[in-house]
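Morning, everyone. Please look at the model on the screen while I talk.

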Amino acid sequence: RLGHWAVVLFMFMSGFGLYESYKNKGQDYIKKFPRNRILTFFIMYAFFVAIYTVYELITGGAITPLLMLQTFTYGSTVISFGWYLQLSLILYIVFFLVFV
């Protein structure tokens with residue numbers, strides 16, 4: 001139970017930090033946001049997906065096309081506790097769309 005509150009608090013603080021950066025830098029921050037935040041985060045996420053996929057294939061885990069689709073969209077993920085990374089990426093995208 002305490003873990004849920006920690007995630008909520010972290011997400012709130014992250015959103016607050018994003019908003020403060022937007023307030024200080026304005027539209028320039030939003031223009032650079034896809035490259036500076038979303039793309040770099042996605043590249044890191046894809047790197048972890050590759051590592052976990054190789055690990056699962058070596059250890060005999062079940063890697064299905066549906067699992068890979070969900071890994072790069074939303075739902076189940078090949079990454080252990082990857083839901084947190086998926087949520088972070090979605091919140092970055094939502095933040096960008098709201099302030100664009």
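I'll take the overall fold, then the pocket, then a surface patch.

This is a predicted model, where local features need pLDDT of at least 70, side-chain atom pairs count only at pLDDT 80 or more, and totals for chains, interfaces and linings use all residues. Numbering runs from 1 along each chain as its sequence is written, and side-chain values use heavy atoms, with hydrogens and water left out.

Fold first. The chain has 4 helices and 0 strands, where helices are DSSP runs of H or I, at least four residues, and strands are runs of E, at least two. The order is α-α-α-α. The C-alpha atoms fill a box of roughly 50 × 35 × 20 Å along the principal axes. Of the 100 residues, 24% are buried, meaning under 20% relative accessible area with a 1.4 Å probe, protein chains only.

Closest to its centre are Ser14, Gly15, Leu18, Leu91 and Tyr92, out of 13 lining residues. Lining means an atom within 4 Å of a pocket grid point. Which elements give two or more residues to this lining? They are α1 and α4 (83–99). Helix α4 gives the most, with 7 residues. By type, the lining has 10 nonpolar, 3 polar and no charged residues. Gly counts as polar here.

Last, the surface. Leu9, Phe12, Met13 and Phe16 form a nonpolar patch, with about 460 Å² of accessible area together. Patch residues have over 30% relative accessible area and no salt bridge, and nonpolar side chains are joined within 5 Å. Met13 lies in helix α1, residues 2–25.

Terms used
Patch = residues over 30% accessible without salt bridge, like charges linked within 9 Å, V, L, I, M, F, W, Y side chains within 5 Å. Areas by Shrake-Rupley, 256 points an atom, 1.4 Å probe, with all protein chains shown as cover. Salt bridge = Lys/Arg side-chain N within 4 Å of Asp/Glu carboxyl O. 1 Å grid on protein atoms, 1.4 Å probe; cavity = no way out; pocket = protein on both sides within 12 Å on 5 of 7 lines; lining within 4 Å. Buried < 20%, exposed > 50% of the residue type's maximum accessible area, 1.4 Å probe, protein only.
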